[in-house]
Amino acid sequence: NMDSFKQYINALSASLDKLPLEFAVMGEVAGMVEQADQVVCVGVGKSGYVARKLNASLVSLALNSIYLHPAEAVHGDIGNVSDRSVVILFSKSGNSSEINTVIPFLKKRECRLVGVGNNRDSVLGESSDYYININVACEGEPLNILPLVSIDVSMIIANAITAQVSQLKGLSVDAFSRNHPGGQLGRNISLTVEDLPLWRSRSAFVRKGTSVIDAIIVDSQHR
């Protein structure tokens, strides 16, 4: 029975069809993010994973970005937030108590607030300087309570902002590789023999004229 799959895909498609309505705001937000001295990504629960992903992506682009857990924020972590930062808050309802609690303290720091959610008439919607509506009518499951489509669309918005920020920064392959030295791209571009630990002290060398068999033995001994 594929009915549940079809329901989910149809619900996701319906929400994505409305996403172009938010492109103008997303573009403004991407421009602010690219120019910001600091970006703060906020979310709790499943929305918190979206905020963490956005933060990780922005950090990989060499932006000064942090993830802020709203509950921890009011117990000291808000000290990591600089004045006039761009703060992106994810909350489907826009009325979660954790988000509502931290908003006034962010405003006191003159932060520019970007809300991403499904309710413009919420506390988050009314408090935000910019609001991106995910426009989710159905989560794609029979009870319509699991955060499925709403999380997917929120993630797509986060990724779309990241893609635009990357373009605005004029990111090059070389610049990207510097922040990803552990990945294949980073190794291909930035890693040299000189970077390897203690390479000069290792004896994995053979002289000209060494047989292939002997060279293989040396190679296997020294990896």
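These are my notebook entries on a predicted model.

**Cores.** I started with the nonpolar cores. The largest one has 32 residues. Val29, Val33, Val39, Ile88, Phe90, Ile132 and Ile157 have the most contacts inside it. I then looked up which elements supply this core. Helices H1 (3-18), H2 (23-35), H3 (46-60) and H7 (149-169) each give at least two residues, as do strands S1 (39-43), S3 (86-90) and S4 (112-117). H7 gives the most, with seven residues. I also noted a second, separate core of 17 residues, with Ala73, Ile78, Val81 and Val102 among them.

**Val33.** I listed its contacts, skipping residues up to four places away in sequence. Val33 touches Val39, Leu58, Leu63, Val86, Ile88 and Val165.

**Ser65.** Is Ser65 buried or exposed? Its relative accessibility is 9%, so Ser65 counts as buried. Ser65 lies in strand S2 (residues 65-68). Its side chain makes a polar contact with the side chain of Asn55, at 2.8 Å. Beyond neighbours within four places in sequence, I found Ser65 in contact with Val39, Cys41, Asn55, Leu58 and Val59.

**Rings.** I searched the whole structure for aromatic pairs and got zero.

**Cysteines.** How many disulfides does the structure hold? The count is zero. Cys111 is at 6% relative accessibility, so Cys111 counts as buried. Cys138 has a relative accessible area of 27%, so I logged Cys138 as partly exposed.

Definitions and conventions
Residues numbered from 1 in each chain as written. Predicted model: local features only at pLDDT ≥ 70, side-chain atom pairs only at ≥ 80, totals over all residues. Heavy atoms only, no water. Phe/Tyr/Trp six-rings, centres within 6.5 Å; stacked < 30°, edge-to-face > 60°. Disulfide = S-S within 2.5 Å. Buried < 20%, exposed > 50% of the residue type's maximum accessible area, 1.4 Å probe, protein only. Helix = DSSP H or I, 4+ residues; strand = E, 2+ residues; numbered from the N terminus. Polar contact = N/O pair within 3.5 Å; in protein donor to acceptor, adjacent residues only side chain to side chain. Contact = heavy atoms within 4.5 Å. Core = buried A, V, L, I, M, F, W, Y, C linked by side-chain atoms within 4.5 Å.
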